[in-house]
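Hello,

Here is the structure I promised to pass on.

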Amino acid sequence: MPEVTLVEAINLALGRAMEDDPDVVVLGEDVGVNGGVFRATAGLQKRFGAERVFDTPLAELLISGLCVGMAAQGLKPIGEIQFMGFIYPCLDQLVNHASRMRNRTQGRLTCPMVLRTPHGAGIRAPEHHSESTEAMLAHIPGLRVVIPSSPERAYGLLLAAIRDPDPVVFLEPTRLYRAAKGEVQDDGEALPLDRAFVLREGRDITLISWGAVVRETMAAADALTAEGIAAEVIDLATLKPYDESTVLDSVAKTGRCVIVHEAAHTGGFGAEIAALIAERGLPSLLAPVTRVTGYDTVIPMARLEQYYMPSVERIVTGARRACQFS
């Protein structure tokens with residue numbers, strides 16, 4: 001089975017979707033001739049033509065609006081926003097139209113669109129290029145939010161997102177684009193949305209994460225093993241709607257939970273998971289739920305961003321603290 005990077009897996013999934021379904025189109029700034037800012041769409045215009053893979057002006061509201069209009073008329077558009085910090089003009093279309101299409105038309109119309117964008121810090125980029133505001137998107141009813149953390153899951157989840165009849169925002173962890181390779185068979189097999197992935201089983205504590213910081217979370221689990229602490233690691237993968245059962249079942253087994261995310265602490269999606277555990281899993285807890293997150297600041301520039309992102313050491317420290325309770 002061939003090994004590919006995460007960005008190559010994205011490219012494979014886009015190509016497979018376009019080959020299997022003539023209604024799938026790709027649009028965005030520089031996605032055609034240049035193959036996208038990270039080359040996620042490289043070669044697709046040459047393969048499928050400029051009518052199906054086309055460049056747009058530098059106008060994110062236009063990209064999202066085109067996606068809504070095309071989706072309402074039966075196409076399956078995949079729009080690319082170059083960085084998550086540029087997604088905010090799209091909120092008008094996402095909140096007022098894409099997410100409401102099914103409800104507004106009483107099911108007569110759906111909005112099968114995908115809006116892709118790089119997500120998170122870690123590539124020494126300037127301001128607006130390192131955002132992690134997934135919680136804002138997860139707050140919108142009718143909108144799916146998906147964040148893969150490996151080439152395998154990027155391929156399968158993107159195919160599922162494209163085939164979904166409702167709008168999906170697909171957040172791609174930028175610093176994982178070329179960080180590692182994974183085995184991906186380009187067979188068109190999708191992975192299920194709305195389901196978390198248990199990456200590692202354990203009995204002592206549950207570590208929950210998503211996106212790029214899953215790597216640090218897995219490394220922290222390795223470090224905890226050396227201390228005799230068996231950590232269960234869950235990649236949430238779909239944030240809206242998320243897999244509540246897997247979370248609650250794991251916490252019921254371990255009695256402890258650390259939630260790790262790169263986004264700012266206050267109002268981060270980790271608070272939603274902590275609230276779920278408090279409401280429906282409180283009798284299982286042996287210790288308070290801990291969050292290891294980014295800070296309540298604008299993401300710093302390159303020289304300081306490593307201090308902003310959750311580190312293995314911070315995750316291990318949070319887990320140790322939780323395991324002190326019995």
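Arg104 touches Asn96 and His97, not counting residues up to four places away in sequence; contact here means heavy atoms within 4.5 Å. Arg104 is found in helix H5, residues 101–104. Helices (H or I, at least four residues) and strands (E, at least two) are DSSP runs, numbered from the N terminus. At 46% relative accessibility, Arg104 counts as partly exposed; buried means under 20% relative accessible area, exposed over 50%, and partly exposed in between, with a 1.4 Å probe and protein chains only.

A word on the model before the rest. This is a predicted model, in which local features need pLDDT of at least 70 and side-chain atom pairs count only at pLDDT 80 or more, while totals for chains, interfaces and linings use all residues. Residues are numbered from 1 along each chain as its sequence is written, and side-chain values use heavy atoms, with hydrogens and water left out.

Two threonines come next. Thr174 sits in the loop between strand E7 (168–173) and strand E8 (181–183), and its 3% relative accessibility makes it buried. Beyond its neighbours within four places in sequence, Thr174 is in contact with Phe38, Pro118, His119, Gly120 and Ile123. Thr217 lies in helix H8 and is also buried, with a relative accessible area of 0%. Its contacts, again leaving aside neighbours within four places in sequence, are Leu207, Ser209, Val233, Val260 and Ile315.

The axes of H8 (residues 214–226) and H12 (residues 312–323) come within 9 Å and cross at roughly 55°. Axes are lines fitted to C-alpha atoms, for helices over the stretch in contact, and angles run from 0 to 180 degrees between N-to-C directions. H8 and H12 are therefore oblique to each other; angles under 35 degrees count as roughly parallel, over 145 as roughly antiparallel, 65 to 115 as roughly perpendicular and the rest as oblique. On the H8 side, the contact is made by Glu216, Thr217, Ala219, Ala220, Ala223 and Leu224, and on the H12 side by Val312, Ile315, Val316 and Ala319. These residues divide into 8 nonpolar, 1 polar and 1 charged. Here Ala, Val, Leu, Ile, Met, Phe, Trp, Tyr, Cys and Pro count as nonpolar, Asp, Glu, Lys and Arg as charged, and the others, Gly among them, as polar.

Helix H9 (residues 244–254) and helix H10 (residues 269–280) pack at about 60°, with axes 11 Å apart, which makes H9 oblique to H10. Glu244, Val247, Leu248 and Val251 of H9 meet Ile273, Leu276, Ile277 and Arg280 of H10.

Finally, helix H1 (residues 6–20) has 15 residues, and 11 of these 15 are buried, including Asn11 and Arg16. H1 and helix H7 (residues 151–163) pack at an angle of about 30°, with their axes 8 Å apart, so H1 is roughly parallel to H7. H1 contributes Leu6, Ala9, Ile10, Leu12, Ala13, Leu14, Arg16, Ala17 and Asp20 to the contact, and H7 contributes Pro151, Ala154, Tyr155, Leu158, Leu159, Ile162 and Arg163. The contact residues of H1 and H7 divide into 13 nonpolar, no polar and 3 charged.

Best wishes

Technical notes: Expected span 1.5 Å × (residues − 1).
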